[in-house]
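This report looks at charged side chains and how they pair. Please have the sequence and the model at hand while reading.

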Amino acid sequence: MKTPLCDLNIDELTALVEKYGQPKYRAKQLMRHIAAYDCFDEYTDLPKSFIVQLDGEYSVRPLTEVTRVTASDGAVRYLFKTESGDLIESVYLPHDYGNSVCVSCQVGCGMDCVFCASGKHGLVRNLSAGEILAQVLYIARDRRSVGGVNKIVMMGSGEPLANYENTVKFIRLVNAPDGLNIGMRSISVSTCGLPDNILRLADDGISCTLSLSLHAATDDKRKQIMKIAHKYTVKQLVEALRLYFDKTGRRVILEYILIDGFNDTKYDVTAIKDLLKGLCCHVNLIPLNPTDNCELKPPSKKRAYAFCEQLKVVGVSASVRRSMGSDVAGACGQLKNRTVEAKTLNNKKS
Ligand code: SAH
């Protein structure tokens, strides 16, 4: 299999052009074609002989679209196939203030949270930095006429901090001045909570928006819905967030899925308040997106907003996040699961 050209950063592209005896400035030309998700035919400012050499070793479009579903609110869920034949999902979310793309960083996920569709079949493999980037490049090209892409959220399938090197390389690639040049402040990384790698991010100078999927403020409750809670305590996580804030100066986000009757009571308000005391943060409340074969339910809208108000009363900055695209199998991994299930069904029929 060929290496995706978009896996290479400017230093690696410079080494590549030098290897083929080309002048150094060609690295920037390559970078601009990569950012436009051009096919080799469109590399018209480079010598044909060089393109033939590149084509022997590298691919320029590592993802092909399998299907897409457009929601009534304008969100588009794409299902892509990688060159190795794996299926991954990405979502385009149009907003008044700019367009974001939610990317996957792994095929499947090894974290196995009870409410999440991505982890249902375990982890298959890590995506390379270029495969993560290609999701953004493809969608930016597809949405060129409506402003492209201005924001990235790493909230698709997979755990970014369990694919640490590729996640960091992807962030640097998408942030590169000759690439899409998307600012650190416009990139969000969401993690189920691996404290050592949260600190590593800060040490590596990645000052993006960090979101921790908290979902319960006590270890007992968290253990009931998230396997990772058996490994790290909520105190350890909050300590890591505190250090991340100290190093980067970036307010952190706590994601909190609302599950009816489980984590949306007065007891939980107090637990959240006590846990987050003194931390510069904001809590995003997300009514659970029901997934296939999972019995957990979201609370009513009224109950969700009441919970939010109670948090504010005790001094916790919080808001209820609107879940976009839920009419197109909005929760991570569901379009892929349903497509695979439909195919299996069709194969069985024929
Ligand atoms: N592994 C990372 C990022 C991927 S999941 C993480 O855990 O943060 C992105 C976000 O979607 C996480 O906050 C996750 O908990 C949430 N999520 C997963 N399934 C969901 C569902 N059914 N309803 C609402 N949010 C969900």
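Is E309 buried, partly exposed or exposed? With a relative accessibility of 42%, E309 is partly exposed. The model discussed here is a predicted one.

## A pair within one helix

The side chain of E309 forms a salt bridge with that of K312, at 3.4 Å from N to O. Both residues lie in helix α10 (residues 301–313), and because they are 3 residues apart, about one helical turn separates them. K312 is also partly exposed, at 41% relative accessibility.

## Pairs between distant parts

The whole structure contains 24 salt bridges. One of them joins R141 and E42, with an N to O distance of 3.0 Å. R141 belongs to helix α4 (residues 129–142), while E42 sits in the loop between α2 (26–35) and α3 (48–57), so this pair ties together parts that are 99 residues apart in sequence. R141 is partly exposed, with a relative accessible area of 22%, and E42 is partly exposed at 30%. The two residues belong to a network of salt bridges that links D38, E42, R61 and R141.

D268 and K221 form another salt bridge, at 2.8 Å from N to O. D268 is in helix α9 (residues 266–276) and K221 in helix α7 (residues 219–225), 47 residues apart. D268 is buried, with a relative accessible area of 2%. K221 has 15% and is buried as well, because buried means under 20%.

## A loop glycine

G85 is found in the loop between β4 (76–82) and β5 (87–95). Its relative accessibility is 40%, so G85 counts as partly exposed.

Terms used: Residues are numbered from 1 along each chain as its sequence is written. This is a predicted model: local features need pLDDT of at least 70, side-chain atom pairs count only at pLDDT 80 or more; totals for chains, interfaces and linings use all residues. Side-chain values use heavy atoms; hydrogens and water are left out. Helices (H or I, at least four residues) and strands (E, at least two) are DSSP runs, numbered from the N terminus. Buried means under 20% relative accessible area, exposed over 50%, partly exposed in between (1.4 Å probe, protein chains only). A salt bridge is a side-chain nitrogen of Lys or Arg within 4 Å of a carboxyl oxygen of Asp or Glu.
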